[in-house]
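Biologist: Thanks for sitting down with me. Could you take me through the ligand shell, the helix packing and the domains?

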Amino acid sequence: MIRLYDFELSGNAHKVRNLLSLLGVAHEIVPVALSEGEHKSPSFLARNPFGQVPVLVDGDTVVRDSSAILVYLGRKFGTGEWLPVDAVGEARVQEWLATASTSVADGPAFARLIELFGAAGDLEAARQRAHAVLAIFEAHLDHNPFLAANRPTIADIANHSYIALAPDGGVELDAYPNVRAWLERLQKLPGFVSVPVRPEAE
Ligand SMILES: N[C@@H](CCC(=O)N[C@@H](CS)C(=O)NCC(=O)O)C(=O)O
């Protein structure tokens with residue numbers, strides 16, 4: 001069975017849990033104790049030399065990095081629906097996967113990492129980057145129901161987690177009605193998995 005090396009509060013791991021659920025793919029969750037440094041153990045580094053979750057293991061295939069895992073799952077189980085097969089369609093998805101790994105990672109995800117986990121960094125600069133990228137999403141979603149196509153794709157799943165979690169980093173979404181409507185559209189999909197709740201908010 002497919003195994004996902006996971007950390008509950010990780011937005012990157014959430015992306016993968018979410019797609020596995022949306023696709024209805026049976027899987028086993030293997031929790032990785034980041035607080036105990038398990039992700040830097042020799043056995044974990046053998047699966048991902050970068051020492052990060054998520055990692056997906058499917059038989060002899062090991063895939064690291066959330067975007068790469070979404071591509072793998074989307075192609076293997078998505079029948080072209082979640083990852084288009086035509087050149088333009090796939091390129092549109094890749095554009096937004098790159099956005100998830102750069103501007104969204106450096107903005108809302110990094111602000112949350114500083115605020116919630118005490119990572120070293122400039123919180124105000126991260127929040128500013130978050131608002132800059134949210135303005136781009138807001139404009140795009142003014143005339144598009146989803147990021148890369150007229151239907152949900154892995155581009156939406158890759159970007160949803162850290163945008164939904166942005167308030168954890170002090171980045172409120174009130175000024176972005178199109179972004180909030182897009183999050184709500186996604187959250188209504190059958191099998192959709194909600195983002196993890198901020199620990200002290202439980
Ligand atoms: N580009 C990677 C980033 C993965 C990542 O940053 N994982 C974090 C959890 S969200 C992690 O494992 N951090 C531990 C560390 O870097 O030591 C992805 O998209 O999967």
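Biologist: Which residues come nearest to the ligand?

Modeller: Ser10, Asn12, Gln52, Asp65 and Ser66 do, out of 14 residues around the ligand. A residue is near when its C-beta atom, placed from the backbone, lies within 6 Å of the molecule. This is a predicted model, where local features need pLDDT of at least 70, side-chain atom pairs count only at pLDDT 80 or more, and totals for chains, interfaces and linings use all residues. Residues are numbered from 1 along each chain as its sequence is written.

Biologist: Which helices each supply at least two residues of that shell?

Modeller: Those are α1 (11-23) and α3 (66-77); a helix is a DSSP run of H or I with at least four residues, numbered from the N terminus.

Biologist: How many residues of domain 1 are in contact with domain 2?

Modeller: 10 residues of domain 1 touch 10 residues of domain 2. The bounds, 2-77 for domain 1 and 87-187 for domain 2, come from an automatic or database domain assignment. Taken over C-alpha atoms, the domain centres are 21 Å apart.

Notes. Contact = placed C-beta atoms within 7 Å.
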